[in-house]
Amino acid sequence: MQAIRIHETGGPEKLRQEEIPLPTPGAGEVRIRIEAAGINYIDTYQRAGLYPVTLPHTLGSEAAGVVTAIGAGVEGFRVGDRVASAKVAGAYAAEALVATAQLVRVPDGIETRTAAALLLQGMTAHYLACDTFPLKSGDTALVHAAAGGVGLLLVQIAKLRGARVLGTVGTEEKAKLARAAGADEVCLYTKEDFTAAARRFTSGRGVDVVYDSVGKDTFAGSIDSLRPRGTMVTFGNSSGPVPAFAPLLLSQKGSLFITRPTLGHYTATPEELQARAGELFAWLKAGKLSVRIGATFPLAQAAEAHRALEGRKTTGKVLLVVGEGK
Ligand code: NDP
């Protein structure tokens, strides 16, 4: 089968399309024929070496498709089921293995491709808004990269929970998308100081929470945007990882809280995974949440997809269309 692999870490040019053997599912695993694979920032970190992987490595952790083979001891899934996962072993491929503990069924009425677009970034937005800092009515939240994959979903979920949202974006086009998703105000942080915008947004007090996926470039400004005893959620490295800092900073800036969460710890049990994915699918079906597929690429152009994502050229979800519907 065809797959996109890396043999060494580096830039997008390291991605190679290769023929590799079809994998055989082990105990508790299924194999799926992939219809669409999600492009996520984690794929670029693995490609670049920020998050180490064993080489050679088939990239991609998010996909949706159809079950084609079942391993020993698998219950509850059959060949032909439409499924999705945010923890696929090599999603940039025609087929891939997934442990059933990490597999969700795609409900009737939701396209397979939509499930691939929603799951990883949707469950991230869900845990951030519902668990890491459980937003309640009237809370104020600063959401960076608000027109991105996680960003557009996080803005919508924050609004569903009754929060007031200030989004940051890089361009006017992205500002329109963030507003359409429900952001109360939008700051073009490429032109304007977002900390000043956060102070204005809260009549000088500072926001209750910052959801910061940008990392290195926004960390200091995010800290300065918080109210006393506010919460800094640093959950990504789009501009590079946040450098080391002294905990005393948190005291000086207002007895702040800081957390650096990751999706795996918020989908650690099958029950939690199913509940999170289930609520997202229910919101989608009820028209309370929408997922924007901003761009699609064929498998062979995975490197182009990485360049677009890292070049700040994308909005919403970027998908690799692999199988049917190519
Ligand atoms: P996005 O669609 O948000 O794309 C990244 C966006 O970040 C860009 O479009 C750009 O938006 C903004 N950005 C700001 N500065 C830079 C820069 N120097 N280089 C590149 N982009 C920049 O990506 P995703 O939705 O896939 O992921 C968002 C973040 O969330 C990533 O950092 C990712 O690692 C993290 N993440 C974390 C998870 C977790 O559990 N911890 C799970 C999933 C994702 P603009 O032009 O508007 O500034």
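**Legends to close-up views of the predicted model**

**View 1. The contact between the two domains.** Eleven residues of domain 1 touch 16 residues of domain 2. The model shown is predicted. Domain 1 is made up of residues 2-119 together with 292-321, whereas domain 2 covers residues 137-260. Taken over C-alpha atoms, the centres of domain 1 and domain 2 lie 29 Å apart.

**View 2. Helix H1 and its packing partners.** Helix H1 spans residues 41-48, and its buried residues are Asp 43, Thr 44, Tyr 45, Gln 46 and Arg 47.

View 3. Gly 49 comes after H1. The phi angle of Gly 49 is positive, with a value near 100 degrees.

**View 4. Asp 217 in its loop.** Asp 217 is located in the loop that runs between strand S12 (207-212) and helix H6 (219-224). The relative accessible area of Asp 217 is 54%, and the residue is therefore classed as exposed, since the cut-off for this class is over 50%. Asn 237 is 20 residues from Asp 217 in sequence, and the C-alpha atoms of this pair are 9.1 Å apart in space.

**View 5. The whole protein, as context for the close-ups.** Nine helices and 16 strands form the secondary structure of the protein. Along the principal axes, the C-alpha atoms fill a box of roughly 60 × 40 × 35 Å. The radius of gyration is 20 Å, which agrees with the value near 20 Å that a compact globule of 326 residues would have. Of the 326 residues, 56% are buried. Among contacts with a separation of 6 or more, 68% are between residues 24 or more positions apart.

View 6. The protein carries 36 positive and 31 negative side chains. The centres of these two sets of side chains are separated by 4 Å.

Note on methods. Residues are numbered from 1 along each chain as its sequence is written. This is a predicted model: local features need pLDDT of at least 70, side-chain atom pairs count only at pLDDT 80 or more; totals for chains, interfaces and linings use all residues. Side-chain values use heavy atoms; hydrogens and water are left out. Buried means under 20% relative accessible area, exposed over 50%, partly exposed in between (1.4 Å probe, protein chains only). Helices (H or I, at least four residues) and strands (E, at least two) are DSSP runs, numbered from the N terminus. The radius of gyration is taken over C-alpha atoms; the globule rule is 2.2 Å times the number of residues to the power 0.38. Contact means heavy atoms within 4.5 Å. Lys and Arg count as positive and Asp and Glu as negative; His and the chain ends are not counted. The place of a charge is taken as NZ of Lys, CZ of Arg, CG of Asp or CD of Glu. Domain bounds come from an automatic or database domain assignment.
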